[in-house]
Amino acid sequence: MMRIGIPGLVGLALLSGCASGRSQPAPPPASAVSGADFPNWSTRDPEYRFFPGDKLRLDVRTAPELSGDLTIAPDGRVTVPNMGAVMAANLTATQLQASLQQLLATELLDPSLVVTPVEFASQKIFVGGEVREPGIYDLPGEINTLQAILMAGGWTDEGKPSHVLVMRRTPGGQMSSKRVDVRGAIRADQLDAIGPLHRFDVVYVSRKMIADENLFMRQFIRDALPIDFGLYYDISRF
(Lines give C-alpha, C1' and ligand atoms only; values in the text may rest on other atoms or scores of the structure.)
Protein backbone atom coordinates (compact mmCIF):
# COMPACT_ATOMS: atom_id res chain seq x y z
CA MET A 1 0.00 0.00 0.00
CA MET A 2 1.25 3.48 -0.80
CA ARG A 3 1.51 5.65 2.32
CA ILE A 4 2.32 9.37 2.45
CA GLY A 5 2.36 11.34 5.70
CA ILE A 6 -0.10 14.17 6.22
CA PRO A 7 2.60 16.91 6.44
CA GLY A 8 4.19 15.61 3.25
CA LEU A 9 0.84 15.58 1.47
CA VAL A 10 0.09 19.15 2.48
CA GLY A 11 3.51 20.33 1.39
CA LEU A 12 3.35 18.55 -1.93
CA ALA A 13 -0.17 19.80 -2.57
CA LEU A 14 0.87 23.39 -1.91
CA LEU A 15 4.00 23.12 -4.04
CA SER A 16 2.09 21.53 -6.88
CA GLY A 17 0.03 24.62 -7.62
CA CYS A 18 2.39 26.03 -10.23
CA ALA A 19 1.07 26.95 -13.63
CA SER A 20 1.72 24.37 -16.30
CA GLY A 21 1.93 26.86 -19.12
CA ARG A 22 -0.17 24.71 -21.45
CA SER A 23 -3.25 26.17 -23.10
CA GLN A 24 -6.59 24.98 -21.82
CA PRO A 25 -10.12 25.30 -23.17
CA ALA A 26 -12.32 27.90 -21.53
CA PRO A 27 -14.77 26.59 -18.95
CA PRO A 28 -18.30 25.89 -20.19
CA PRO A 29 -21.03 28.44 -19.58
CA ALA A 30 -23.51 28.07 -16.77
CA SER A 31 -26.79 26.31 -17.39
CA ALA A 32 -29.67 24.83 -15.44
CA VAL A 33 -28.60 21.21 -15.98
CA SER A 34 -28.31 19.33 -12.67
CA GLY A 35 -26.26 16.31 -11.70
CA ALA A 36 -29.37 14.12 -11.78
CA ASP A 37 -28.35 12.65 -15.15
CA PHE A 38 -25.76 10.50 -13.43
CA PRO A 39 -26.50 7.50 -11.17
CA ASN A 40 -25.86 7.58 -7.44
CA TRP A 41 -22.26 7.02 -6.41
CA SER A 42 -21.34 3.38 -5.81
CA THR A 43 -18.49 2.18 -3.61
CA ARG A 44 -18.85 -1.39 -4.89
CA ASP A 45 -16.77 -2.71 -7.76
CA PRO A 46 -18.78 -3.84 -10.79
CA GLU A 47 -18.27 -7.32 -12.19
CA TYR A 48 -14.81 -7.36 -13.70
CA ARG A 49 -14.55 -6.65 -17.41
CA PHE A 50 -11.59 -7.89 -19.39
CA PHE A 51 -9.01 -5.49 -20.76
CA PRO A 52 -6.08 -5.91 -23.17
CA GLY A 53 -3.20 -7.64 -21.44
CA ASP A 54 -5.42 -9.66 -19.08
CA LYS A 55 -4.92 -13.42 -19.00
CA LEU A 56 -7.66 -16.01 -18.68
CA ARG A 57 -8.00 -19.75 -18.40
CA LEU A 58 -10.18 -21.53 -20.97
CA ASP A 59 -11.44 -25.02 -20.04
CA VAL A 60 -13.35 -26.89 -22.74
CA ARG A 61 -14.85 -30.08 -21.33
CA THR A 62 -15.39 -31.92 -24.62
CA ALA A 63 -12.15 -30.77 -26.27
CA PRO A 64 -9.31 -30.62 -23.73
CA GLU A 65 -6.84 -29.85 -26.51
CA LEU A 66 -8.47 -26.41 -26.80
CA SER A 67 -8.07 -25.69 -23.11
CA GLY A 68 -5.27 -23.45 -21.91
CA ASP A 69 -4.23 -19.97 -20.81
CA LEU A 70 -5.02 -17.13 -23.22
CA THR A 71 -3.95 -13.48 -23.30
CA ILE A 72 -6.14 -10.67 -24.58
CA ALA A 73 -4.32 -8.90 -27.41
CA PRO A 74 -3.84 -5.11 -27.65
CA ASP A 75 -6.77 -4.95 -30.10
CA GLY A 76 -9.03 -6.45 -27.41
CA ARG A 77 -9.43 -9.86 -29.04
CA VAL A 78 -8.59 -13.28 -27.65
CA THR A 79 -7.62 -16.10 -30.00
CA VAL A 80 -8.39 -19.78 -29.53
CA PRO A 81 -5.74 -21.71 -31.51
CA ASN A 82 -7.13 -23.29 -34.69
CA MET A 83 -10.59 -21.89 -33.94
CA GLY A 84 -10.49 -18.13 -34.38
CA ALA A 85 -10.72 -14.93 -32.36
CA VAL A 86 -13.49 -13.08 -30.55
CA MET A 87 -13.65 -9.65 -28.96
CA ALA A 88 -12.98 -9.92 -25.22
CA ALA A 89 -12.28 -6.39 -24.09
CA ASN A 90 -15.03 -4.81 -21.99
CA LEU A 91 -16.79 -8.16 -21.54
CA THR A 92 -17.43 -9.92 -18.24
CA ALA A 93 -16.36 -13.53 -17.82
CA THR A 94 -19.96 -14.63 -18.39
CA GLN A 95 -20.28 -12.59 -21.58
CA LEU A 96 -16.95 -13.81 -22.94
CA GLN A 97 -17.90 -17.39 -22.14
CA ALA A 98 -21.03 -17.01 -24.28
CA SER A 99 -19.02 -15.53 -27.18
CA LEU A 100 -16.47 -18.34 -27.05
CA GLN A 101 -19.19 -20.98 -26.89
CA GLN A 102 -20.71 -19.49 -30.03
CA LEU A 103 -17.30 -19.66 -31.74
CA LEU A 104 -16.68 -23.28 -30.73
CA ALA A 105 -20.23 -24.33 -31.65
CA THR A 106 -19.20 -24.14 -35.31
CA GLU A 107 -16.97 -27.20 -34.75
CA LEU A 108 -18.16 -28.90 -31.56
CA LEU A 109 -21.50 -30.54 -30.82
CA ASP A 110 -21.07 -29.62 -27.15
CA PRO A 111 -19.15 -26.34 -26.83
CA SER A 112 -19.51 -26.16 -23.04
CA LEU A 113 -16.62 -24.25 -21.51
CA VAL A 114 -15.56 -22.21 -18.51
CA VAL A 115 -13.69 -18.88 -18.55
CA THR A 116 -11.67 -17.94 -15.46
CA PRO A 117 -9.66 -14.71 -15.10
CA VAL A 118 -6.15 -15.59 -13.87
CA GLU A 119 -4.07 -12.41 -14.23
CA PHE A 120 -5.03 -8.76 -14.49
CA ALA A 121 -2.89 -6.26 -16.37
CA SER A 122 -5.38 -3.43 -16.15
CA GLN A 123 -5.17 -2.08 -12.59
CA LYS A 124 -5.05 1.51 -13.77
CA ILE A 125 -6.64 4.90 -13.16
CA PHE A 126 -6.79 8.04 -15.29
CA VAL A 127 -5.88 11.40 -13.76
CA GLY A 128 -6.60 14.44 -15.88
CA GLY A 129 -7.81 18.01 -16.01
CA GLU A 130 -5.78 20.66 -14.24
CA VAL A 131 -2.85 18.47 -13.18
CA ARG A 132 0.73 18.87 -14.29
CA GLU A 133 1.14 15.40 -15.83
CA PRO A 134 -2.25 14.02 -16.90
CA GLY A 135 -2.35 10.42 -18.01
CA ILE A 136 -2.96 6.77 -17.15
CA TYR A 137 -1.30 5.52 -13.98
CA ASP A 138 -0.87 2.08 -12.48
CA LEU A 139 -2.85 1.69 -9.29
CA PRO A 140 -0.05 1.01 -6.76
CA GLY A 141 -2.33 -0.12 -3.97
CA GLU A 142 -5.04 1.46 -1.87
CA ILE A 143 -4.63 5.17 -2.60
CA ASN A 144 -7.04 8.08 -2.32
CA THR A 145 -7.92 10.95 -4.62
CA LEU A 146 -5.22 13.29 -3.33
CA GLN A 147 -2.50 10.69 -3.74
CA ALA A 148 -3.64 10.09 -7.33
CA ILE A 149 -3.40 13.82 -8.04
CA LEU A 150 0.10 13.91 -6.55
CA MET A 151 1.09 10.99 -8.79
CA ALA A 152 0.14 13.27 -11.69
CA GLY A 153 2.34 16.11 -10.41
CA GLY A 154 -0.30 17.91 -8.35
CA TRP A 155 -2.82 20.48 -9.48
CA THR A 156 -1.96 23.63 -11.41
CA ASP A 157 -2.72 27.26 -10.57
CA GLU A 158 -5.86 26.90 -12.68
CA GLY A 159 -7.00 23.83 -10.78
CA LYS A 160 -9.76 23.80 -8.21
CA PRO A 161 -8.87 21.15 -5.58
CA SER A 162 -12.17 21.75 -3.83
CA HIS A 163 -13.97 20.54 -6.97
CA VAL A 164 -12.38 17.27 -8.12
CA LEU A 165 -14.61 14.89 -10.07
CA VAL A 166 -14.23 11.14 -9.56
CA MET A 167 -16.01 8.85 -12.00
CA ARG A 168 -16.63 5.15 -11.56
CA ARG A 169 -18.57 2.46 -13.34
CA THR A 170 -21.37 1.08 -11.17
CA PRO A 171 -22.02 -2.67 -10.71
CA GLY A 172 -24.84 -2.26 -13.25
CA GLY A 173 -22.40 -0.91 -15.85
CA GLN A 174 -23.52 2.73 -15.72
CA MET A 175 -21.37 5.76 -15.05
CA SER A 176 -21.48 7.33 -11.60
CA SER A 177 -19.70 10.46 -10.42
CA LYS A 178 -19.10 12.46 -7.29
CA ARG A 179 -17.37 15.70 -6.38
CA VAL A 180 -14.48 15.49 -3.92
CA ASP A 181 -13.21 18.43 -1.87
CA VAL A 182 -9.53 17.53 -1.66
CA ARG A 183 -8.44 20.86 -0.16
CA GLY A 184 -11.11 20.62 2.54
CA ALA A 185 -10.00 17.08 3.40
CA ILE A 186 -6.40 18.27 3.82
CA ARG A 187 -7.39 21.15 6.08
CA ALA A 188 -9.66 18.94 8.19
CA ASP A 189 -7.12 16.09 8.28
CA GLN A 190 -9.80 13.74 6.91
CA LEU A 191 -8.06 12.09 3.97
CA ASP A 192 -9.82 8.78 4.67
CA ALA A 193 -13.02 10.47 3.49
CA ILE A 194 -11.72 10.84 -0.09
CA GLY A 195 -10.71 7.29 -0.94
CA PRO A 196 -9.85 4.65 -1.74
CA LEU A 197 -9.92 4.62 -5.51
CA HIS A 198 -10.89 1.58 -7.58
CA ARG A 199 -9.48 0.28 -10.84
CA PHE A 200 -10.52 2.32 -13.87
CA ASP A 201 -11.59 5.29 -11.75
CA VAL A 202 -11.23 8.64 -13.49
CA VAL A 203 -9.97 11.54 -11.37
CA TYR A 204 -10.47 14.93 -12.98
CA VAL A 205 -9.36 18.20 -11.42
CA SER A 206 -11.75 20.94 -12.57
CA ARG A 207 -10.77 24.45 -13.55
CA LYS A 208 -11.70 27.40 -11.41
CA MET A 209 -15.06 29.05 -12.18
CA ILE A 210 -16.76 25.84 -13.33
CA ALA A 211 -20.45 26.66 -13.11
CA ASP A 212 -22.02 23.47 -14.42
CA GLU A 213 -20.54 20.12 -13.46
CA ASN A 214 -22.82 18.07 -15.69
CA LEU A 215 -22.18 20.12 -18.82
CA PHE A 216 -18.48 20.21 -18.03
CA MET A 217 -18.38 16.40 -17.94
CA ARG A 218 -20.10 16.16 -21.31
CA GLN A 219 -18.04 18.77 -23.13
CA PHE A 220 -14.60 18.27 -21.65
CA ILE A 221 -14.07 14.94 -19.90
CA ARG A 222 -15.60 12.96 -22.75
CA ASP A 223 -12.95 14.30 -25.11
CA ALA A 224 -10.16 14.04 -22.54
CA LEU A 225 -10.50 10.31 -21.80
CA PRO A 226 -7.86 8.24 -23.61
CA ILE A 227 -9.06 5.65 -26.08
CA ASP A 228 -8.52 2.66 -23.81
CA PHE A 229 -10.45 4.26 -20.95
CA GLY A 230 -13.18 5.26 -23.40
CA LEU A 231 -13.44 1.55 -24.21
CA TYR A 232 -14.28 0.79 -20.59
CA TYR A 233 -16.71 3.66 -20.02
CA ASP A 234 -19.87 4.27 -21.98
CA ILE A 235 -18.89 7.83 -22.87
CA SER A 236 -21.94 8.21 -25.09
CA ARG A 237 -23.87 8.85 -21.86
CA PHE A 238 -22.00 12.11 -21.29
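Predicted model: local features only at pLDDT ≥ 70, side-chain atom pairs only at ≥ 80, totals over all residues.
I then listed the residues concerned: A93, L96, L100, L103 and L104 are the buried residues of α2, where I took buried to mean under 20% relative accessible area. They lie on the same side of α2, because the arc they cover around the axis is only 90 degrees. I set beside this the general rule that an α-helix has 3.6 residues a turn, so residues three or four places apart point the same way. Looking at the other side of α2, I noted T94 and Q102, which are exposed.

For the geometry of the helix, I recorded that α2 runs over residues 93–104, which makes 12 residues, and that the distance from its first C-alpha to its last is 16 Å, close to the 16 Å expected at 1.5 Å a residue.

Next I turned to the sheet, which is open, has 5 strands in the order β7-β6-β10-β8-β9, and shows mixed pairing. Its edge strands are β7 (135–138) and β9 (175–180), each of which pairs on one side only. From one strand to the next, I noted a twist that averages 25 degrees.

Which way do strands β8 and β10 run relative to each other, parallel or antiparallel? I found that β8 (residues 159–169) and β10 (residues 202–207) run antiparallel and are joined by 5 bridges. As one entry for this pair of strands, I wrote down V164, whose bridge partner in β10 is V205.

Technical notes
Residues numbered from 1 in each chain as written. Heavy atoms only, no water. Pairing = 2+ DSSP bridges. Helix = DSSP H or I, 4+ residues; strand = E, 2+ residues; numbered from the N terminus. Axes fitted to C-alpha atoms, helices over the stretch in contact; angles between N-to-C directions. Expected span 1.5 Å × (residues − 1). Buried < 20%, exposed > 50% of the residue type's maximum accessible area, 1.4 Å probe, protein only. Arc of directions from axis to C-beta.
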